[in-house]
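Dear colleague,

My findings follow directly after it.

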Number of protein chains: 2
Amino acid sequence: MDFPSWMASIQQRAESALEATLPGADIAPARLHQAMRYAVLGGGKRIRPLLCHAAGSIFGAPAEDLDAPAAAVELIHAYSLVHDDMPCMDDDDMRRGKPSCHVAYDEATALLVGDALQTLAFQKLAARLPGVSAARQLEMLALLATASGSRGMAGGQAIDLASVGLQLDIGALEFMHIHKTGALIRAAALLGAHCGKAPPEALERLGHYANRIGLLFQVVDDILDAEASSETLGKTAGKDAAQNKPTYVNILGVKEAKFLAGNLRQEAHDALSSFGASASRLHELADFIVDRTF
Amino acid sequence: MDFPSWMASIQQRAESALEATLPGADIAPARLHQAMRYAVLGGGKRIRPLLCHAAGSIFGAPAEDLDAPAAAVELIHAYSLVHDDMPCMDDDDMRRGKPSCHVAYDEATALLVGDALQTLAFQKLAARLPGVSAARQLEMLALLATASGSRGMAGGQAIDLASVGLQLDIGALEFMHIHKTGALIRAAALLGAHCGKAPPEALERLGHYANRIGLLFQVVDDILDAEASSETLGKTAGKDAAQNKPTYVNILGVKEAKFLAGNLRQEAHDALSSFGASASRLHELADFIVDRTF
């Protein structure tokens, strides 16, 4: 199967798993459930489920076992987008080409949507996976929580907020992004690998790959934000610069940022070398992330 | 040990467990961690940890095993208070006798504090408990998630928001409270019982007790809100009436609400009858909840 077909098939799997996980739009409280579905379904590239499935396949994890962790990570990601878009945070009215959750519904509902999506992520991952031992599943839950919390994604968002208007150097910017987006991307890959009972040293190499991919994703996002129009992007473009947020493009300029992206891509490929052909989807994902821009 | 001494000792245990679970105030991102500690430590009656320990002790669960689920439930409760107090929700400036989290810090921080406290609850409960099997621990995580999410506590808050200005009958009000506060109170008791490997029929009776206690707690809260001053209450009094929210006192009047509280207390006691003397702390807790008012 070629990469675009594989990607479409996993995106479809992820959409179906999310659809089945989210409570129906007619179940009480119906408006909350409608808003949760609005925030999650029918949008997004599902990068994290793609990473989860690609990493799991290296270690022979059955796709059926990967659906739950893939959905759980995507629910955490979706909750973070809903909360990040709120007026007290990044105040963004558009997301994935449609009004943000607090615009389409209201702020109180968006707050509860994010809260309930986070809960649902842990609920999903707590349901028994047939091919994984209960003890390993608890490790997976701990991994997802660590990646999402105050020393992972939520902490990264706090650092991001505190950085507005500051002159960061590349090291400080990298520290922020490793938390804000990197931690969850790393968790996506490692959760997939756990489903395939990956040994510790393989998890370490995969973690390094995911770390590079996470930064790569952010560098590319900054380049997209600086260069693309809102229409192509599906969210408000030029927002970071307007909000005086530090970005790779601010600090390095577009040309250097693209050079950095090239280096990160190479390091990601190198981290996979010992996995051989079984890691081909992960190689392709690294290239896909870069090729969004140039 | 008499009840006040027992209560003080469990409250102290709960405080220590929360203190140890929360990241230190000097760990980056420091302001977020300071705000998380501000929102959780040094306040609250710790009703949920008390229920967790009291229920666990019926089935011989060691107190060391009960600390983690007690802390996890209290973290969920604390997150919900931080988010509920925010301007887009109940807009309350006082909590536990001091400024609410978004007043003491800012709205964006309060949003992240709530998010990260929820994550920490699941992280805490995912760490291996020595006396509980991994499979049962997964059940406990699923139980906590179900109680907290869109079909439990968060859903109850959504129903509450949707009820402002509406004429609810007692049935609809009860439906709201069973979700908004009852689900988590029930989870607190059941998690404790799980640590003691309680059989299904015992869990059912305990669930019925907790259901009555949850409603009792809310009826008493409504009476307190109508009668007490802000100073005694530690939060803004008369708020529900001012916000035109349906309460037991609105619908029934104070006298009938007190009569209902008496009935709920009796039903709670009755639900415990088969446990004998081992449930004495749960009996005392039911009385304690009522005796807050009259």
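B:Pro29 sits in the loop that runs between helix 1 (3-21) and helix 2 (30-40) of chain B. The peptide bond joining B:Ala28 and B:Pro29 is cis, with omega at about -5 degrees. Please bear in mind that this is a predicted model. Chain A has a cis bond from A:Ala28 to A:Pro29, with omega near -5 degrees, and A:Pro29 lies in the loop between helix 1 (3-21) and helix 2 of chain A. By way of background, most peptide bonds are trans, and most residues other than glycine have a negative phi.

Two residues of chain A deserve mention for their phi angles. A:Arg46, although not a glycine, has a positive phi of about 60 degrees. A:Arg46 belongs to the loop between helix 2 and helix 3 (47-58) of chain A. It counts as buried because 23 C-beta neighbours lie inside 10 Å, where 20 or more are required. A:Lys197 is likewise not a glycine and has a positive phi, of about 55 degrees. Its place is in the loop between helix 9 and helix 10 of chain A. With 14 C-beta neighbours inside 10 Å, A:Lys197 counts as partly exposed.

A:Pro199 is also found in the loop between helix 9 (170-195) and helix 10 (200-227) of chain A. Is A:Pro199 buried or exposed? A:Pro199 is exposed, since it has 9 other C-beta atoms within 10 Å, and a residue with 12 or fewer is counted in that way. Although A:Pro199 and A:Phe59 are 140 residues apart along the chain, their C-alpha atoms are separated by 9.4 Å.

I turn next to the packing of helices in chain A. Two packed helices are described by the angle between their axes and the distance between the axes. Helix 2 (residues 30-40) of chain A packs against helix 6 (residues 107-126) of chain A at an angle of about 75 degrees, and their axes are 9 Å apart. Helix 2 of chain A is therefore roughly perpendicular to helix 6 of chain A. On the side of helix 2, the residues that meet helix 6 are A:Arg31, A:Leu32, A:Ala35, A:Met36, A:Ala39 and A:Val40. Their partners in helix 6 of chain A are A:Thr109, A:Leu112, A:Val113, A:Ala116 and A:Leu117. By class, this contact of helix 2 with helix 6 of chain A comprises nine nonpolar residues, one polar and one charged.

In chain A, 43 residues are in contact with 43 residues of chain B. Which helices of chain A each supply at least two residues of the side that touches chain B? They are helix 2, helix 6, helix 7 (134-148) and helix 8 (153-162). Helix 6 of chain A provides the largest share of that side, twelve residues. The residues of the side of chain A that touches chain B divide into 26 nonpolar, twelve polar and five charged.

A rotation of 180 degrees, with 0.0 Å of shift along its axis, superposes chain A on chain B at an RMSD of 0.0 Å. The two copies are thus related as by a two-fold rotation axis. Among the residues of chain A, A:Ala134 comes closest to the rotation axis, with its C-alpha at 2.6 Å. The same surface serves both copies, as 100% of the contact residues of chain A recur in chain B.

Finally, I draw your attention to two helices of chain B. Helix 4 of chain B has 22 residues and reaches 31 Å from its first C-alpha to its last, close to the 32 Å expected at 1.5 Å a residue. Of these 22 residues, 19 are buried, so helix 4 of chain B is largely enclosed by the rest of the structure. B:Val82 lies in this helix (residues 63-84) and is buried, with 29 other C-beta atoms within 10 Å. Leaving aside neighbours within four places in sequence, B:Val82 is in contact with B:Ala39, B:Cys101, B:Ala110, B:Val113, B:Gly114 and B:Leu117.

B:Gly207 is found in helix 10 (residues 200-227) of chain B. B:Gly207 counts as partly exposed, with 16 C-beta neighbours inside 10 Å. Not counting residues up to four places away in sequence, B:Gly207 touches B:Arg186 and B:Leu190.

With kind regards

Methods: Residues numbered from 1 in each chain as written. Chains lettered and ligands numbered in written order. Predicted model: local features only at pLDDT ≥ 70, side-chain atom pairs only at ≥ 80, totals over all residues. Axes fitted to C-alpha atoms, helices over the stretch in contact; angles between N-to-C directions. Helix = DSSP H or I, 4+ residues; strand = E, 2+ residues; numbered from the N terminus. Parallel < 35°, antiparallel > 145°, perpendicular 65-115°, else oblique. Contact = placed C-beta atoms within 7 Å. Nonpolar A, V, L, I, M, F, W, Y, C, P; charged D, E, K, R; others polar. Least-squares fit on C-alpha atoms with pLDDT ≥ 70 in both. Expected span 1.5 Å × (residues − 1).
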